[in-house]
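Subject: Structure for your review

Dear colleague,

Please find below the structure that I am handing over to you. I would be grateful if you could look through it together with the notes that come after it.

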Amino acid sequence: MHGHGGYDSDFSDDEHCGESIKRKKKTVEDDLLLKKPFQREKHGKVVHKQVAAELLDREEARNRRFHLIAMDAYQRHTKFVNDYILYYGGKKEDFRRLGENDKIDMDIIRENHRFLWNEEDEMDMNWEKRLAKKYYDKLFKEYCVADLTRYKENKFGFRWRVEKEVISGKGQFCCGNKCCDKKEGLKSWEVNFGYIEHGEKRNALVKLRLCQECSFKLNFHHRRKEVKSKKRKDKARKDCEESSHKKSRLSPVEESSKKKDKGSSDEEGSTSESELWKGPLPETDEKSQEEEFDEYFQGLFL
């Protein structure tokens with residue numbers, strides 16, 4: 001009986017093993033039927049080495065990308081330099097750049113700036129010249145600002161005004177000398193400005209406004225041409241015409257009496273006949289600031 005009972009237990013174990021094998025085969029077949037074309041194969045508890053390496057590399061790349069994005073350009077550059085020295089050797093001094101040839105926009109403008117641009121200057125344009133030309137177009141070229149520090153050597157410096165100076169009135173309602181801010185007794189002068197630019201001698205006719213003291217410095221060696229307003233010119237011409245018309249209307253008796261009266265006045269210290277009929281007396285009155293504004297806006301609307 002004991003042997004028979006042992007036989008029954010062995011037989012039942014074999015039946016269980018057979019059923020488990022059949023169940024496994026069925027699950028494998030079901031998995032094959034349900035597997036999608038792009039689906040990866042299932043692995044057991046222990047991951048394959050190649051798959052583990054790929055997952056690790058992907059995770060490290062993600063972390064590295066995250067840290068690089070969080071850095072600025074200089075930090076990334078420093079990191080790459082340190083990594084290069086770590087892997088390939090070398091010194092940090094070999095990677096230090098020299099700042100002697102560094103230039104900013106203002107340096108480029110100074111090198112390529114021109115007082116006046118003509119068609120020949122605009123023929124061969126690179127980006128440096130285009131930058132200087134763009135700056136030149138923003139300047140206001142009606143009046144100049146002058147540097148009169150070397151007036152005794154007959155050397156002057158002129159430049160165009162910027163927007164800030166136009167708003168403040170520098171060079172038009174204030175003295176055009178860069179070291180002077182006087183607003184009284186301003187006169188307009190026209191100067192033939194000769195200068196050397198990029199090895200080429202050029203000339204330009206410029207206009208500037210100066211006070212009496214700075215006008216003396218400008219005309220220290222020889223007198224420049226003074227620019228008078230249209231109103232003053234018309235008034236002087238009208239006075240001259242009226243004086244000549246009155247003179248032509250005088251009779252011979254009146255002329256003789258006029259000469260006698262004038263002779264007596266000459267004895268008293270008055271002006272001579274030649275000076276009296278020479279023309280209108282020079283105007284000594286100075287223009288007010290309101291007249292200056294009127295002349296300026298009148299010139300704009302002409």
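The notes below concern the salt bridges in this structure.

Please bear in mind that this is a predicted model. The count of salt bridges comes to 17.

One of them joins the side chains of Asp 147 and Lys 178, with an N to O distance of 3.5 Å. Asp 147 belongs to strand 1 (residues 140–147), while Lys 178 sits in the loop between helix 6 (163–168) and strand 3 (187–197), so this pair ties together parts that are 31 residues apart in sequence. Asp 147 is partly exposed, at a relative accessible area of 24%, and Lys 178 is partly exposed at 47%.

Another salt bridge is formed by the side chains of Glu 190 and Lys 225, at 3.8 Å from N to O. This pair links distant parts of the chain, since Glu 190 is in strand 3 and Lys 225 in strand 5 (residues 225–227), 35 residues apart. With a relative accessible area of 25%, Glu 190 is partly exposed; Lys 225, at 55%, is exposed.

The side chains of Glu 165 and Arg 159 also meet in a salt bridge, here at 2.7 Å from N to O. Glu 165 counts as buried because its relative accessibility of 14% is under the 20% limit. Arg 159 counts as partly exposed, with a relative accessibility of 38%.

Finally, a network of salt bridges links Arg 114, Asp 121, Glu 197, Glu 200 and Arg 202.

Yours sincerely

Definitions and conventions:
Residues are numbered from 1 along each chain as its sequence is written. This is a predicted model: local features need pLDDT of at least 70, side-chain atom pairs count only at pLDDT 80 or more; totals for chains, interfaces and linings use all residues. Side-chain values use heavy atoms; hydrogens and water are left out. A salt bridge is a side-chain nitrogen of Lys or Arg within 4 Å of a carboxyl oxygen of Asp or Glu. Helices (H or I, at least four residues) and strands (E, at least two) are DSSP runs, numbered from the N terminus. Buried means under 20% relative accessible area, exposed over 50%, partly exposed in between (1.4 Å probe, protein chains only).
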